[in-house]
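Thanks for making time this morning.

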Amino acid sequence: MVKHIILWTLKDTLTEEEKKNVKAGIKEGLEGLAGQIPGLTDIHVITEGLPSSNADVMLDSTFTDEASLKGYAVHPKHVAVADGKVRPYTATRTCLDYEEK
């Protein structure tokens, strides 16, 4: 199994209401990919971190193997969510991919 973890911070120019809506859109869009992409076995988006957090949104996803993760990155349904609901609103992105043993 391969884990794909992403942390995003949203743009400072967004109001609190806009951030709330953006978080909901990211969660709906990414979690909606479940069952849509070969090799994607689990996907969760966390939008409500504790006050000690320095990121706004976390993606926690699991793939059968590294090839499936690579396929996800370019899959049209994922690209549509990333381009429409994530990238326009995020200031920073941090990624950690690893093989779970």
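Leaving aside neighbours within four places in sequence, Thr9 is in contact (heavy atoms within 4.5 Å) with Asn54, Ala55, Asp56, Thr90, Ala91 and Thr92. Thr9 lies in strand β1, where strands are DSSP runs of E of at least two residues and helices are runs of H or I of at least four, both numbered from the N terminus. With a relative accessible area of 19%, Thr9 counts as buried, the classes being buried under 20%, exposed over 50% and partly exposed in between, with a 1.4 Å probe and protein chains only. The side chains of Thr9 and Thr92 are joined by a polar contact of 2.3 Å; by that I mean a pair of N or O atoms within 3.5 Å, where within protein one must be able to donate a hydrogen and the other to accept it, and where residues adjacent in sequence count only if both atoms are side-chain atoms.

A word on the source: this is a predicted model, in which local features need pLDDT of at least 70 and side-chain atom pairs count only at pLDDT 80 or more, while totals for chains, interfaces and linings use all residues. Residues are numbered from 1 along each chain as its sequence is written, and side-chain values use heavy atoms, with hydrogens and water left out.

Now to the overall fold. The protein has three helices and four strands, and from the N terminus on the order is β-α-β-β-α-α-β. Of its 101 residues, 36% count as buried.

Leu33, not counting residues up to four places away in sequence, touches Leu40, Tyr72, Lys77, His78 and Val81.

Which residues of α2 are buried? In this helix, residues 66-74, they are Ser68, Leu69 and Tyr72. They lie on the same side of α2 because they cover an arc of only 100° around the axis, taken from the directions from the helix axis to the C-beta atoms. The face turned away from that buried side carries the exposed residues Ala67, Lys70 and Val74. Among the elements covering the buried residues of α2 are β1, α1 and β4.
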